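Colleague: Please take a close look at a single part of this structure, namely the surfaces through which its parts touch, and describe them in one connected account.

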Amino acid sequence: MLIRIAENLYWTGRYIKRSAYLAKYLRVQYFSTLDASMSQNLEFTLRSILNMNGMQYESEDALDHYEVITKVAFDPDEPASIFSTVFAARENTRSLRHLLSSEMFESVNKLYLFTKDFDQEYYRQRGLFEFTTKIEEYVKIIRSDMQTTILREDEYNFLMMGVWIENCNQILRILKSKLIDTDILSDNGENIPVMQYQWTITLKTLESFDMHNRYYQNQTTIKSVVEFIISNGKYPRSFYYNLSHLLITINKIGIIPEGLSKLKHEVAKLESKARFFEYEGNSELHDFLDKSIQSIGAIHDICNSLYFDSRSYKGEGDTQSQSQK
Amino acid sequence: MEGLFSNYEIGANTYDEMYDQGNLLRKEYELLQSVFDDLDHKLFRTLNQEAKLSFLNQGVTYALYTDQETKESIFPFDLIPRVISSSEWEVLEKGMIQRNTALNMFLKDVYNGAKILKDKVVPAALVHTSNHYLKAMEGFSPVGDIYCHISGTDLIRHSDGNYYILEDNLRSPSGVSYVLSNRVTLSRTMPSLFQGRLIHPVNTYTKELLNTLKSVAPPASSDRNCVLLTPGMYNSAYFEHSFLAKLMGIQLVEGHDLFVKNNIVYMNTIGRKEKVDVIYRRIDDAFLDPKYFNPKSMLGVHGLMDAYLAGNVTIVNAPGTGISDDKAVCAYVPDMIKYYLGEDAIIANVPTYICEKPKDLAYVLDHMEELVIKPVDMSGGYGVTIVDTLTKAEVEELKLTIQAKPREYIAQPKMMLSTHPTYIEDANQFEPRHIDLRTFTLMGSDRSYVLPGGLSRVALKKGSLIVNSSQGGGSKILGS
């Protein structure tokens with residue numbers, strides 16, 4: 001497989017998933033203010049959204065509501081906006097269209113056209129829910145096309161590598177963002193129900209509210225939520241679940257570059273930490289999340305150097321072996 | 001005329017493909033008429049919109065370059081198909097194979113002994129002053145002596161009802177992907193056009209193309225590994241590159257995906273290096289190899305020509321085929337056919353005046369308003385001037401330009417291209433628009449194939465004779 005193609009596949013997987021997470025977080029956070037305490041005012045929510053997206057802002061300035069929600073959704077100059085993410089997904093897909101199924105390409109193209117052409121004034125006035133819901137629906141269709149129209153060869157494996165890594169990345173960012181939110185609320189003297197509401201929002205962002213309720217029988221605490229999201233092996237969006245599937249995918253890739261054992265070791269180490277994670281307090285949780293975010297970044301860097309660095313593959317002898325299929 | 005075409009008005013002195021001058025329907029369009037009788041304007045408009053949306057969602061696009069921006073647009077098309085009868089097509093097909101056989105023999109001759117030049121059938125100066133003549137190709141013969149494997153020949157039907165060759169496109173002719181996409185769209189939108197009829201299929205093209213590529217792989221290669229070399233996704237024809245690579249099941253590569261080592265071309269793959277045997281390149285000669293041509297090229301592969309001249313890789317179409325693309329040389333193709341094959345050309349050229357010849361230049365300068373002036377080495381309709389659209393001052397300026405560099409221009413009489421009913425959205429009715437026909441011919445080692453029908457291009461602007469998509473033209477679905 002061409003190095004360039006492998007890299008495009010990986011980033012296609014990442015950008016497609018990212019666009020859904022951004023849309024979901026925006027919607028759930030934004031509408032949560034409608035039914036929340038006074039501390040979770042609009043400004044608090046807008047800051048949370050910006051933090052999650054990694055967008056810069058002056059903390060002392062009052063945030064303009066329409067400006068923020070438009071920036072998060074449509075700003076082409078902001079790499080973390082939904083539009084930029086969808087655009088990046090589409091551009092990667094364009095360079096892969098000879099390889100991907102027509103169905104998948106068309107789905108990605110429709111997502112792009114929808115995002116590009118959505119009436120921004122309507123969005124600002126009343127269209128945020130429709131816009132973000134539709135983004136998620138398109139991504140679900142794309143995921144379905146990935147599952148059903150791509151051969152289970154390395155094209156699929158590199159796509160999924162991107163998906164798993166992005167899932168891990170977004171789960172950690174969401175948790176970190178929520179932890180910061182609850183710290184702020186705690187500093188503002190808010191009570192436990194208010195905090196619990198934040199964790200309920202977190203579960204809804206990850207579409208895990210119902211699953212969590214079934215597992216913990218309607219007992220929502222920070223401990224139950226973070227342990228569910230980080231370590232539950234049966235919950236398909238848990239950090240642990242995604243790491244184990246990342247490891248499975250790496251093992252399925254039909255090429256064994258030198259240094260692969262290092263990648264597997266890093267993933268397995270983090271997987272083990274996730275699997276046996278127990279909540280011991282906010283401070284420890286902050287530490288765990290920060291270190292895990294760094295680890296995911298390191299795993300991405302190793303993947304980059306192993307698979308996508310063209311300096312490794314100029315035919316300087318057949319040093320790499322190819323596994324048996 | 002009836003139904004959807006009740007307001008259709010044929011222009012005087014033009015050949016209309018669907019109706020004759022007496023407004024009688026041509027025989028080959030009888031089925032079409034019967035299918036369209038079931039439609040009204042509203043339903044047709046709906047079908048048209050659905051087809052457009054389908055193209056948009058599929059990303060069947062073309063990039064249009066302006067001074068300010070590059071805009072990605074769906075490839076304009078018209079749902080009313082053009083019909084060519086089997087008997088008429090048979091003649092065209094034979095004509096294309098004859099023409100391309102002669103052109104390949106010409107290229108082989110010019111780079112190996114140049115007998116046709118020594119016999120003064122084609123002026124040597126014309127060939128050697130062409131920007132596309134490559135000294136590096138002298139003394140070299142590619143596999144099967146085939147230089148031009150894929151050609152796009154543009155034909156027009158004049159008001160006398162005959163087809164004429166307008167020009168040959170032997171470097172990177174584009175448009176075939178739109179033929180295939182248009183046909184799929186038409187079959188989905190109007191299946192009744194196909195039911196019970198013997199329509200020549202077009203979906204065999206990519207299989208034939210792949211077989212053609214494999215037939216010219218270096219004899220020593222066992223895998224016959226083919227790739228399609230694209231400038232990248234920002235190229236105007238990128239949709240076509242990815243479309244063809246996908247249907248053929250071959251790798252789509254960019255310049256930096258390949259490297260040359262010991263005169264062998266390899267792909268930049270993860271794991272072991274993978275040898276390349278045939279490169280179907282959609283990059284001009286100038287950008288192909290920075291070692292031999294433009295040293296600043298980021299699109300090509302350093303050392304590719306070394307591998308090619310060593311016989312370790314085949315390049316399709318061969319470097320240096322542009323001398324036959326040259327519109328001045330194109331005028332001599334009937335002479336080439338006579339010289340190499342001992343036959344008269346089955347399809348005649350549009351009469352061409354070569355400005356480098358003093359006699360032709362004198363004629364051109366005296367008859368400017370009757371002519372179309374074309375640069376010899378541009379494509380896509382760029383640089384074409386229909387002189388009777390210019391002001392007097394502009395004509396005088398053009399004369400000076402030609403006289404300053406006569407080698408760079410040819411002139412042809414203004415041919416009255418045939419017209420075809422075309423749906424005009426703004427007017428919500430059918431109006432005649434000028435069309436041409438681009439055929440696609442494949443020449444391999446001991447094989448040849450002409451895509452049934454080809455791409456019918458339509459000048460969407462009323463009265464315009466420029467059909468190229470780069471100039472705002474559209475396409476018709478072609479059935480034969």
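Modeller: Chain A is assigned two domains, domain 1 (1–150) and domain 2 (152–310), with bounds that come from an automatic or database domain assignment. The model is predicted: local features need pLDDT of at least 70 and side-chain atom pairs count only at pLDDT 80 or more, whereas totals for chains, interfaces and linings use all residues. Residues are numbered from 1 along each chain as its sequence is written, and chains are lettered from A and ligands numbered from 1 in the order in which they are written.

Taken over C-alpha atoms, the centres of domain 1 and domain 2 of chain A are 20 Å apart. Between these domains, 27 residues of domain 1 are in contact with 29 residues of domain 2; two residues are in contact if their C-beta atoms, placed from the backbone, lie within 7 Å. On the domain 1 side, helix 1 and helix 2 (42–53) of chain A each supply at least two residues. Helices here are DSSP runs of H or I with at least four residues, numbered from the N terminus. Helix 1 of chain A provides the largest share of that side, 17 residues. By class, the side comprises 14 nonpolar, eight polar and five charged residues; Ala, Val, Leu, Ile, Met, Phe, Trp, Tyr, Cys and Pro count as nonpolar, Asp, Glu, Lys and Arg as charged, and the others, Gly among them, as polar.

Towards chain B, 24 residues of chain A are in contact with 22 residues of chain B. Helix 1 (3–32) and helix 5 (102–117) of chain A are the elements that give two or more residues to this side of chain A. Helix 5 of chain A gives the most, with five residues.
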